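Opened the notebook for a quick pass over a new chain. I want to jot down what I look up as I go.

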Amino acid sequence: MSATIKQIAELADVSRGTVDKVLNNRPGVKPATREKVLQIAKELNYTPNFLGKALVQSKSPLKLGIILTGDYNPFIQDMIEGIQSAQDEFRPFGLEITTKILTTIDPDEQLGMINSLVDQHVTGLAVFPIDAPQIKERLNQLENNHIPIITFNSRVHDIHDLCFIGQNHYKGGRTAAELMGKVIPGFRKVGVIISSRKLSCHQDRLKGFTEQLKEDTPAMEILEVRENQDRWEDAFQITQEYCGKYPEMNAIYITGGGVAGVGDALDAAGKAGQIHVICHDLTPGSIRLLKNGTVDFVLGQSPVNQGYQIVKVLFEYCMKKITPLKTIDIPITISIKESL
């Protein structure tokens, strides 16, 4: 049988109210007392009775809001799978999730979604943030009003979030450049496709990629950098234009979604397997291109796990008062054909 708050209070010689404050990370307890209570709870293997809380929450649901970028990107579809998994797990505790999907990388659209969720009285908010002044200002205002904010996948500095969940994208870009150096040891002429400069994760990848290439070898030239908004059709068109404009191009680096468009354009131009490609995110499109040799490496960031984690962390903070780490780092994975 699990230990009770009453037992912990008796052993610590304090009131049950004091124990409740300590276990729920609330103020008003002396540090020495807090440490004593936590040690006793640990020794007794105390676990909270969330069933009782669930009964209370079911009458007054815990509402969380999540804002994602476009679900035409398979990476976002995988995140939604993780969000759904967490929602199913925590639904007995009265959890309700409203997920909104951006149709563009437009700060005004995202701001409207944030305000809509606030109007629905969400307890906490998780946002894939666009790097824009109005988004920073509004999220900081909500944080000051005691609505916990989690940002994920794309870190934006100057947002006073509770926690960031995602990858070190600067390091991801540097990793991509180092891998490119291994498959093309000589002179490199690289066409770059970036999702959007309004998303800091892609800015960071581009910066890391560029700086690592310059450090690794001066015999490098980035021919052009263009945006595709994670869309297949834009990546296809850009790749076609790169192939026609730069016949000397021997590599393509794409920072976000739409790699299937790159592969299809290279195949149409008869250059699949001749131009090296490095991309991010294991999706059906990138897996297909790894298998047929069009893509050399895919850098992954576990989108299903990310989706699960943003719900879990926000739920545990709002429900259990568990304060998360300021940054929850998602490791970089590297996939090649054989590793599949």
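How far is the sulfur of Cys201 from the closest cysteine sulfur, and in which residue does that sulfur sit? I got 15 Å, to Cys279, which is too far for a bond. For the record, I call two cysteine sulfur atoms a disulfide if they are within 2.5 Å.

Ground rules before going on. I'm working on a predicted model, where local features need pLDDT of at least 70 and side-chain atom pairs count only at pLDDT 80 or more, while totals for chains, interfaces and linings use all residues. Residues are numbered from 1 along each chain as its sequence is written, and side-chain values use heavy atoms, with hydrogens and water left out.

**Cysteines.** I counted 0 disulfides in the structure. Cys163 is in none, and its nearest cysteine sulfur, in Cys318, is 12 Å away. Then I checked burial (buried is under 20% relative accessible area, exposed over 50%, partly exposed in between, with a 1.4 Å probe and protein chains only). Cys163 comes out at 0%, buried, and Cys201 at 1%, also buried.

Helices are DSSP runs of H or I with at least four residues, strands are E runs of at least two, and both are numbered from the N terminus.

**Glu316.** I found Glu316 in helix 13 (residues 303-320). Its relative accessibility is 16%, so it counts as buried. Leaving aside neighbours within four places in sequence, it is in contact (heavy atoms within 4.5 Å) with Lys321 and Ile322.

**Whole chain.** I listed 13 helices and 12 strands. The C-alpha atoms fill a box of roughly 80 × 40 × 30 Å along the principal axes. Of the 340 residues, 51% count as buried. I also looked at contacts between residues at least 6 apart in sequence: 70% of them join residues at least 24 apart.
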